[in-house]
Amino acid sequence: MGLVFHYTRKAYDFFRKVSSLVFGSHCSSRILLTDGNRILVVDQGSYLELPGGAVKPGESFEDAARRETMEETSIDIKVGKRIREKSFGSVLEVMFRAEASGDGKPRGSWEGEARWLDIDKATGRDWRFDRDIDRLLEK
């Protein structure tokens, strides 16, 4: 079970800088974007994942969330509140709520098929890192 961190932004930035110096980039930023009864996902075929990925050195979690979402889905987003911080081994992941600020039409990338999926269908699918998507949707 991962640790949950409840520190300030300054502490997150410090952890990110230290971990990137020692281990390389081991911080991840993801978003949870819903539109009515739909959720934005990257479909890998055998599992789903939320848009996001590695935080680059010197990049904030929010900037990484915007960049990764654009790369994976072609959707420009406005990053909202933090809804979760969790560690997966040596990786610290920060997750945000987000809203689309463009046309909201996903386009896939090498990461997988980006698409809107009915929440009812999404909750019954396998998720990368065994995410409890129902619990995240409550936040």
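This is a predicted model: local features need pLDDT of at least 70, side-chain atom pairs count only at pLDDT 80 or more; totals for chains, interfaces and linings use all residues.
Start with strand β1, residues 27–35. Of its 9 residues, 7 are buried, so the strand is largely enclosed by the rest of the structure. Buried here means under 20% relative accessible area.

Now look at the strands beside it. Strand β6 spans residues 91–100 and runs parallel to β1. The two are joined by 7 bridges. In this pairing, Leu-32 stands opposite Arg-97 of β6.

Strand β4 covers residues 52–54. It runs antiparallel to β1, and 3 bridges link them. Here Arg-30 faces Gly-52 of β4 as its opposite residue.

The next partner is β2, residues 38–43. The sense is again antiparallel, over 2 bridges. Thr-34 has Ile-39 of β2 as its bridge partner. β1 and β2 form a hairpin, with 2 residues between the strands. Gly-36 sits in the turn and has a positive phi of about 65°.

Is Met-70 buried, exposed or partly exposed? Its relative accessible area is 37%, so Met-70 is partly exposed. The range for that class lies between the 20% limit for buried and the 50% limit for exposed.

What does Met-70 touch beyond its neighbours within four places in sequence? Its contacts there are Ile-75 and Asp-76. Pro-51 is 19 residues away from Met-70 in sequence. In space, their C-alpha atoms are 8.8 Å apart.

How values were computed. Residues are numbered from 1 along each chain as its sequence is written. Side-chain values use heavy atoms; hydrogens and water are left out. Buried means under 20% relative accessible area, exposed over 50%, partly exposed in between (1.4 Å probe, protein chains only). Contact means heavy atoms within 4.5 Å. Helices (H or I, at least four residues) and strands (E, at least two) are DSSP runs, numbered from the N terminus. Two strands pair if DSSP finds at least two bridges between them.
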